[in-house]
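Let's take a walk through a protein model together. Have a look at the picture first, and then we will visit a few places one by one.

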Amino acid sequence: MALKLQSHIERVLWDQHQISRRVSELASQISADFGGAANSDSPPPPPPPVLVGVATGAFLFLADLVRNIDLPISVDFVRADSYGSGTISAGAPKLSLDLKVDVKGKHVILVEDIVDTGRTLSCLIAHLESKGASSVSVCAFLDKPTRRKVHFQPLGQGKFYKGFECPDYFVVGYGMDFAELYRNLPYVGVLKPECYK
């Protein structure tokens, strides 16, 4: 008989309620930044953004985020593989799924589950720039600055929206996995080392 997934978790870092509250805050910030109240004295608001989820880890975060954004938006996915089935980024990511939506002249918000080394984001920002995006923002559910190897820059007028700063633990849940497992946990938790070593 298989053990329940919860028994593999050392401790919960963020529960469902904390996640829901923070995602709503991020969505409100994005809605305010791109909605803008147009009046005769203010410049027109920017055109609605294209939200691009980085598959597969960001799928739950992206779904919750877009349901809380009060704007007409487009949604698409890219897939950049850098972890494989390990716990440490393997370095240069490989793009294995590209966009269907044309981003030329548009503002893109890359939606990421976790920013670790920064290599994937740096690669994806350059890729979107090559496709003609006018600006690229990043919306990361978790930011792990202690692991940063590449200090990426949003493109143009892009911003860096972040949910939570993550300590240097291997975390799973809320879309994030180890070897394609644990994505369905409704919280973010620290995976017990014996489960991945």
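In which strand is the place of Phe77? You will find Phe77 in strand β3, which covers residues 74–81. Keep in mind as you look that this is a predicted model. Together with Phe59, Val75 and Leu97, Phe77 forms a nonpolar patch on the surface. The accessible area of these residues together is about 310 Å².

Now turn to the helices. Helix α1 spans residues 16–35 and helix α2 spans residues 59–68. Their axes come within 8 Å and cross at roughly 50°. An angle of that kind is neither roughly parallel nor roughly perpendicular, so α1 and α2 are oblique to each other. Their crossing is right-handed.

Next, let's look at the backbone. Most peptide bonds are trans, and most residues other than glycine have a negative phi. Between Ala55 and Thr56, however, there is a cis peptide bond, with omega about 0°. Thr56 sits in the loop between β2 (50–55) and α2.

Our last stop is the loop between β8 (171–172) and β9 (188–191), where Glu180 is located. Glu180 is not a glycine, yet its phi is positive, near 70°. Tyr182 lies in the loop between β8 and β9 too, and its phi is also positive, about 80°. Are these residues buried or exposed? Glu180 is exposed, with a relative accessible area of 53%, whereas Tyr182 is buried, at 4%.

Technical notes:
Residues are numbered from 1 along each chain as its sequence is written. This is a predicted model: local features need pLDDT of at least 70, side-chain atom pairs count only at pLDDT 80 or more; totals for chains, interfaces and linings use all residues. Side-chain values use heavy atoms; hydrogens and water are left out. Patches are made of residues with over 30% relative accessible area and no salt bridge: like charges are joined within 9 Å, nonpolar side chains (Val, Leu, Ile, Met, Phe, Trp, Tyr) within 5 Å. Accessible areas come from the Shrake-Rupley method with a 1.4 Å probe; for residues, only the protein chains shown count as cover. A salt bridge is a side-chain nitrogen of Lys or Arg within 4 Å of a carboxyl oxygen of Asp or Glu. Helices (H or I, at least four residues) and strands (E, at least two) are DSSP runs, numbered from the N terminus. Axes are lines fitted to C-alpha atoms, for helices over the stretch in contact, and angles run from 0 to 180 degrees between N-to-C directions. Angles under 35 degrees count as roughly parallel, over 145 as roughly antiparallel, 65 to 115 as roughly perpendicular and the rest as oblique. A crossing is left-handed if the near helix is turned anticlockwise from the far one by less than a right angle, and right-handed if clockwise. Buried means under 20% relative accessible area, exposed over 50%, partly exposed in between (1.4 Å probe, protein chains only).
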